[in-house]
Amino acid sequence: MASRWRDLQQSIVSSQFWKSIFRVGIPNTNRKRVLAMLGNVVLHLHPVKTRKSGVKMRYTWCAGGVTFFLFLVLTFTGLLLMFYYRPTVEYAFVDILDLREQVPFGIMREVHRWGAHAMVISVWIHMFRVFMTGSYKPPREFNWVIGVILLVLTLLLSFTGYLLPWDQLAIWAITVGSNMASATPLLGIQGPGTSLLKIGDIQLVTSTNDARFGLLGGRFVGAGALLRFYVLHCVGIPLIAAFLMAVHFWRVRKDGGISGPV
Amino acid sequence: MALIEFVKNAIDFLSAPQYLVTGALIGLVLAIHWRPIWTPKGGAVLFALLAGGIGLSYLDPNFNKVATLPDNVPIVGMIFLVGFFFWFSMTQAYANDRRIAEGRPPFEGEDSAQKVFSWPDLVYVELICLVIVMAVMIVWSIYLKAPLEEPANPTDSPNPAKAPWYFLGLQEMLVYFDPWLAGVAFPSIIIVGLMAIPYIDTNPKGNGYFTFRERRWEITIFLTGFLVLWCMLIVLGTFLRGPNWNFFGPYEFWDVNKLVPLNNINLSEIIWIKVLKRSLPNFWLIREMFGLAVVGFYVAALPLVFSKTLLRRFYEKMDPVRYFIGVSLALMMLALPIKMYLRWIFNLKYIVAIPEFAFNI
Amino acid sequence: MSTAPETLPSSPPDVALDGVTRRSTLKWMVLAWTGFAAATGAGLTATVRFLFPNVLFEPPTRFKAGDPSSYALGVDERWKEKYGIWIVRDTNSIYALVAVCVHLGCTPNWLQAQNKFKCPCHGSGYYVSGINFEGPAPRPLERAQIEVSGEDGQIIVDKAFRYLYERGQWSDPKAFVKMA
């Protein structure tokens, strides 16, 4: 029995189809371990050999890895949610209700929301770890800067997503948040110095051309804001974040590897 | 029973912002120098206190009501996670400091001398992490429904209306500063300041390993900002700010009708009316000259004064550009607690109040 | 230990190769880069401008608010739900307060018992006149344009035009309607 099982296994592993996908086979020798890392587009994010300090959880806390994984989870669940969700004032709320009550395995929205919260926390912890180990010091300075931008993008992703359920929690959190844009000096209608910008009696900055209007696409949080936040949430910010993540990971390798003294 | 009530009332009283911030600032500075905490035994005691305190608090109906709101559950998680990692990083920092004092390299230095194959050592660590995270996410999602309130109604503001929880630190700043500062200027300064850290901090030590002794100042400033002025204000905004943005102790009922007298006055009113016994001048520049002088001194002159006195050591060690940017950023960070104390002690609303141009500080 | 031949000049002479000189190259470079920067700037400006629509699909800001005599002394909330406006009548005038807190844009509530507007978000309080007296609000509520229609004598309110106390605009004839 055992030998027949081994035969079957052998015939699968040695088939042309299998070999065309997995070139290296089981990485049970050092040479194969090197080839496994080099030959796989995902794995070759990593170098073939890592310093032991970069592998130990007690130093890295895997916080950056968890953050990236949560980003992938959020991309996947977000994509699924997009099949049911329509970003209009009319449908947004009922579609969310639908996602909860009618759609099979209706925990996608939960995974998405809790995943977003978890990602915010994990990205903070990642930053905290990088600071406490002094891993922003030369030659890693610029990667810290990219990391700060990614932190801001994470918060913006979460913030834009907060509006989409179109419930009381959403609209008022975004009203309060976006109103701060109208306090931008010189660019927001309530900002300091804005009232000084005028030609004769005509104010240059009004409620239809200030910073908040550009953000919301309207004078208040309405249909325009919902659509804008939806597009930013689903396409705009994720694309920028994905690009910067690629740069971030690349620089981790180029600037001295994962964690540990340089 | 009476004892429990007494303890609850004491905690309610002591968790008012003025005591909470004071306690946290002093407590942080004392704690990071108090070695017994940063050992496994100390960590176990701290964890028992924190978990026991929060666990017992769930028995209180008022605490329970707020802490079990679905969107507030992650913040309870954040308290434990940030607390744990704070303890964990400081423990490793002290362990490394001991090694360095003995003339040995830090743990990380020893480990980084060896290299291992990424397959399987690194790849499997990652895989295990991902499986655990996914399992936690699924269980969490099954047991806790995502919140969904009434459909959006633009004419009916809920009370209190809160920003998403990660911005509650900023919303807490709104109590003390105008939106252009708390919502625009300070967030921008936080972002730029974070980005500037590697270029200001020229200390070559502590690069890539946990240490406290070699980076005392950097770590103290960062922890003050991150733990007290960011994470703790989020906890404050989530659990202790109720209807009308009034303060409520953790065991206090969120009474919509709680009346808190808010009779804050501006610096110009204090000086012109109370001290000089005159009416407010009409022209804004004269009316606000004291406030403008104070702010100007704080922003422009103080870094210069410090460079000759208090922070002379830093001025001589860093080059002037790094020194002035670094000190200005630190002063901006300290502006928040300073304004908080001015509010609590003098009921000060604005240092500079020029509503003519919506310019209030 | 320099072995460079002495005949080599320190920099090549500015000779024309097919009429191209260093100076003319520089001129074209400046022109090209200026053109590129201008085009990029124009593109960015157009993109930013694209975010500000010319036509808004928002409810009309101008509405008829009934006969002036239908308002009793005090705060009238009948238009709050639909247009976000309180019509207030005092002893000799009627004015329209915009029901948006000037702090962060929440909708305040009218508390009859305490005779004040109170914002639930951050606790700003305003008198009936709209003047702020407590909480973080930095200035008074805004008033909307109000007039009596010449056709049917009804009140017409237009939210698009605001009158601000701190700019001394509340005495503007369109900021209130005089009542005998």
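The structure is a predicted model, in which local features require pLDDT of at least 70 and side-chain atom pairs count only at pLDDT 80 or more, whereas totals for chains, interfaces and linings use all residues. Residues are numbered from 1 along each chain as its sequence is written, chains are lettered from A in the order in which they are written, and side-chain values use heavy atoms, with hydrogens and water left out.

Chain A contains twelve helices and three strands, while chain B contains 15 helices and three strands; helices (H or I, at least four residues) and strands (E, at least two) are DSSP runs numbered from the N terminus. Buried residues (under 20% relative accessible area, with exposed meaning over 50% and partly exposed in between, for a 1.4 Å probe and protein chains only) account for 50% of the 262 residues in chain A and for 49% of the 361 residues in chain B.

Side chains of opposite charge can pair when their charged atoms come close. Over all chains, 26 salt bridges were found, each defined as a side-chain nitrogen of Lys or Arg within 4 Å of a carboxyl oxygen of Asp or Glu. In chain B, D60(B) and K8(B) form a salt bridge with their closest N and O atoms 2.6 Å apart. This pair links distant parts of the chain, since D60(B) lies in the loop between α3 and α4 (61-67) and K8(B) in helix α1 (residues 2-14), 52 residues apart. D60(B) is buried, at a relative accessible area of 6%. In chain A, R100(A) is paired with E101(A) at a closest N to O distance of 3.7 Å; R100(A) is partly exposed at 25% relative accessibility, and E101(A) is exposed at 52%. A further salt bridge joins R104(B) and E102(B) at 2.9 Å, N to O, where R104(B) is partly exposed at 41% relative accessibility and E102(B) is exposed at 53%. Elsewhere, K137(A), D201(B), R215(B) and E218(B) are joined into one network by salt bridges that share partners.

Surface patches were assembled from residues with over 30% relative accessible area and no salt bridge, like charges being joined within 9 Å and nonpolar side chains (Val, Leu, Ile, Met, Phe, Trp, Tyr) within 5 Å; accessible areas come from the Shrake-Rupley method with a 1.4 Å probe. A nonpolar patch of about 840 Å² is formed by W5(A), L8(A), I12(A), V13(A), F17(A), W18(A), I21(A) and F22(A). Both α1 (2-13) and α2 (16-21) of chain A supply at least two of its residues, and α1(A) gives the most, with four.

A patch of positive charge on the surface gathers R35(B), R98(B), R213(B) and R216(B); Lys and Arg count as positive and Asp and Glu as negative, His and the chain ends not being counted, and the place of a charge is taken as NZ of Lys, CZ of Arg, CG of Asp or CD of Glu. R35(B) is located in the loop between α2 (17-33) and α3 (40-57) of chain B and is partly exposed, with a relative accessible area of 39%.
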